[in-house]
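Trainee: Could you take me through this model, contact by contact and strand by strand?

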Amino acid sequence: MNDSVPEHRLHYLNASYGLKSWLLTTDHKRIAWLYLISVTFFFFIGGFFATLLRIELLTPQGDLVQAETYNKLFTMHGVTMVFFFLIPSIPAVLGNFLIPLMIGARDLAFPRINLASWYLYIIGGLFTLTAAAAGGVDTGWTFYTPYSSIYSNSNVALTVIGIFVTGFSSILTGLNFIVTIHTMRAPGMTWFRLPLFVWSHYATSIIFILGTPVIAISLTLVALERLFGLGIFNPELGGDPLLFQHLFWFYSHPAVYIMILPGMGVISELIPCFSRKRIFGYNFVAFSSLAIAVLGFLVWGHHMFVSGQSIYAGMIFSFLSMLVAIPSAIKVFNWTATLYKGSVSLDAPMLYALGFIGLFTMGGLTGLFVAALGVDVHVHDTYFVIAHFHYIMVGSAVMAYLGGIHFWWPKMTGRRYPEVLARLAALIIFLGFNLTFFPQFILGYLGMPRRYHVYPPEFQALNVLSSAGASILAVGYVLPLIYLIWSLRYSPVAGMNPWKARGLEWQTPSPPPTDNFEVTPIVVQPAYAYDVLDEPEVIYAPEKAAHV
Amino acid sequence: MFGPNLPLFPEQASTLAPRVDALLYFLLAVSAFFSLLISISIVVFAIKYRRRSDSERPPLILGSLGLEIFWTAVPLAITMVIFVWGAKLFFVSFYPPPNALEINVVAKQWMWKVQHPEGKSEIDELHIPAGQPVKLLLTSQDVIHDFFVPAFRVKKDVLPGRYTTLWFEASKPGTYHLFCAQYCGTQHSGMVGRIIVMEPPAYATWVGGGGTGGSTTAAGQKLFQTLGCATCHLPTDSGRGPSLVGLIGKTVALQNGRSITADENYLRESILEPRAKIVMGYQPIMPIFKGSVSEEGVLQIISYIKSLTPQAGAQGKK
């Protein structure tokens with residue numbers, strides 16, 4: 001492959017032109033772009049809501065918005081970020097783009113279903129945006145009954161229909177990934193040569209398929225109770241409001257792992273590349289993803305320690321939640337050990353990756369606080385929980401997402417990104433994030449409840465710190481948006497493999513041709529063969545090699 | 001830097017609070033150790049093994065079974081310590097001591113209605129004596145609320161259609177925050193109140209102060225008469241309904257062959273929806289009282305039924 005003249009080469013971006021060629025594409029790489037644009041849109045919508053929340057919380061009084069508006073803002077922030085940004089972000093953008101490339105396939109197993117998934121996601125998103133525009137919804141993203149099913153006077157039904165539809169997008173994406181990974185690996189790409197990115201997406205897909213139907217049905221029941229007065233959750237009609245919490249968390253706790261497992265996959269690619277080392281303990285990192293996916297289904301009750309569920313249920317869920325810490329710790333230790341005796345280069349993606357490890361460690365450790373029964377009783381539903389899950393879902397997941405976007409940007413676009421600005425943005429995000437969310441741990445332990453529009457004055461100083469951090473964080477998030485768009489036109493051409501990275505996606509030109517590989521590669525090295533960096537990773541069958 | 005206006009830890013005002021904080025300190029120590037271990041390792045490795053030339057080729061290290069076992073076993077051991085410690089605290093905070101003072105709390109959007117056994121009632125305030133275990137019997141008239149007192153380190157969801165209980169023993173007089181911690185609608189952040197802990201003599205004066213219509217038990221007894229309960233539920237088992245004397249805490253055999261321990265939730269259900277659980281040997285003839293008694297009324301009747309001990313007879317004196 002000659003990449004000195006990439007502009008004149010046919011690739012997936014210039015293979016066809018026009019809006020129609022994008023909206024009707026079945027190319028996984030183009031669909032990844034459709035998702036990239038849409039999740040970025042939803043991220044900044046959700047971020048806008050968060051900005052208003054943080055401005056309101058600068059003072060103890062409710063002076064910027066009314067209580068009702070505040071409640072709608074945090075609900076729309078949660079709904080948008082969870083269902084329309086975090087869940088699809090890494091799988092639907094990076095997973096879509098990379099899984100076929102990484103395993104040496106031409107596309108996903110079901111390209112048209114892949115496109116249908118994006119349309120379902122957009123239709124769901126439109127429902128939810130309509131609900132927001134028509135006055136919003138004020139139940140919190142958790143939709144607890146009977147408030148959501150009876151008492152709320154906002155657009156609950158429209159919102160849950162949106163989430164219901166979007167759920168099918170997750171299910172179909174998960175199905176597509178599982179079938180693809182099982183059936184479309186190139187010759188020589190054995191299970192234990194798969195990049196850990198693929199393993200973690202496999203684990204994620206299992207949760208997509210097994211978990212999403214449960215949230216779909218529980219939100220449908222909320223809508224049915226609202227519209228037709230079914231007595232599922234309403235105690236007035238003999239229903240059980242706690243049943244909703246069981247159903248909701250049965251999905252929504254594993255959903256946290258949907259948000260973090262793909263991020264762990266990204267980190268498992270970045271650390272070896274920028275340390276030029278094989279990953280430490282490949283099998284342990286791979287199986288810990290599956291362990292997290294399986295255990296994730298058995299811990300939902302830890303959201304309900306103070307709900308009045310039985311004391312023994314509380315104990316079992318606390319015990320199982322403790323166990324989730326083990327595979328998470330295994331990953332952190334193995335990533336750190338990978339750096340040992342490596343050749344470490346601190347390019348922007350690596351800064352994101354190392355930042356991820358730090359924030360994930362803190363998010364994980366504070367998970368022990370909320371899994372410990374006696375302490376959770378105190379911190380449950382306070383800002384401590386807010387801080388904890390933002391360390392995982394924003395600190396870690398978004399760091400991983402941005403690290404991955406930077407790392408594969410040259411592959412996706414054929415261009416480099418501006419390195420100095422990118423490192424600066426990574427540092428700003430790390431600092432801004434900690435300043436925003438660390439004070440919230442203290443606020444929570446002091447007793448400030450979540451979802452409070454007005455709060456006692458003694459909590460103000462820490463809230464001001466948090467809001468100040470949020471403004472720094474906002475700068476950190478807007479920067480990449482600007483310079484990445486700028487780089488599309490003005491940055492230097494990247495070439496096939498600017499990082500000297502291992503992995504099949506780097507064995508094809510940047511941007512890749514529509515069919516990914518002109519000749520099916522035969523894999524001859526394990527994953528992350530950085531120890532033999534100068535040896536070829538793939539060979540081509542002799543009779544076909546002539547065409548390369 | 002952190003003066004009284006910017007505290008780092010909340011006040012400890014219950015017997016439970018120092019015990020919860022002790023586990024917190026342990027968790028903080030564990031977290032600090034591992035956070036430092038990881039971040040120092042990362043910084044040291046990133047500097048010591050920084051890339052000096054593009055041609056350097058690090059050694060092949062695949063992993064180490066010994067290390068994997070080590071860093072699986074150590075966190076496992078630590079998490080088990082945390083689990084057992086946390087579960088023990090939870091156990092202590094779950095079961096109220098038998099001598100606890102019982103107070104009824106009804107939550108609604110967006111206020112707390114408190115009923116003291118002596119008959120005094122208050123809104124968004126709870127006066128209690130220091131050094132005396134207090135058990136709250138909580139229920140909601142509408143959505144789920146949550147009774148949260150940070151200074152006591154206690155919290156419990158307050159559900160519609162059933163009772164939950166919460167107990168604590170305040171350790172020093174003072175005024176503390178009461179928050180609704182479960183999002184309950186528009187004025188959720190306005191559903192706050194004060195817990196006023198008093199020295200026992202001051203509390204006795206306060207709770208005996210005028211303006212009350214008799215004790216909760218007496219109010220329950222009155223309802224018991226006016227609703228006609230007394231015509232069937234006689235002090236002995238000779239009535240059309242079972243006797244309620246000494247019922248609370250007893251095991252009741254049901255028509256369907258199962259048996260149940262008579263607690264507040266069972267009493268509540270049997271008053272509002274008597275046909276849900278029929279006592280062995282009796283007919284399902286009791287009228288449904290759902291909709292015709294308020295939450296406070298139900299709590300008063302239950303309080304009366306609980307006062308019917310064999311020693312006190314059917315007089316309900318306590």
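Mentor: Two residues are in contact if their C-beta atoms, placed from the backbone, lie within 7 Å. This is a predicted model, in which local features need pLDDT of at least 70 and side-chain atom pairs count only at pLDDT 80 or more, while totals for chains, interfaces and linings use all residues. Residues are numbered from 1 along each chain as its sequence is written, and chains are lettered from A and ligands numbered from 1 in the order in which they are written.

Trainee: Which element of chain B gives the most residues to the side that touches chain A?

Mentor: The contact takes 73 residues from chain B and 73 residues from chain A. Helices (H or I, at least four residues) and strands (E, at least two) are DSSP runs, numbered from the N terminus. Among the elements of chain B that each supply at least two residues are helix 1 (17-48) and helix 2 (65-94). With 16 residues, the one that gives the most is helix 2 of chain B.

Trainee: Which residue in strand 3 of chain B does Gln115(B) stand opposite?

Mentor: Strand 2 (residues 111-115) of chain B pairs with strand 3 of chain B in the antiparallel sense, over 3 bridges. In strand 3 of chain B, the residue opposite Gln115(B) is Ser121(B).

Definitions and conventions: Pairing = 2+ DSSP bridges.
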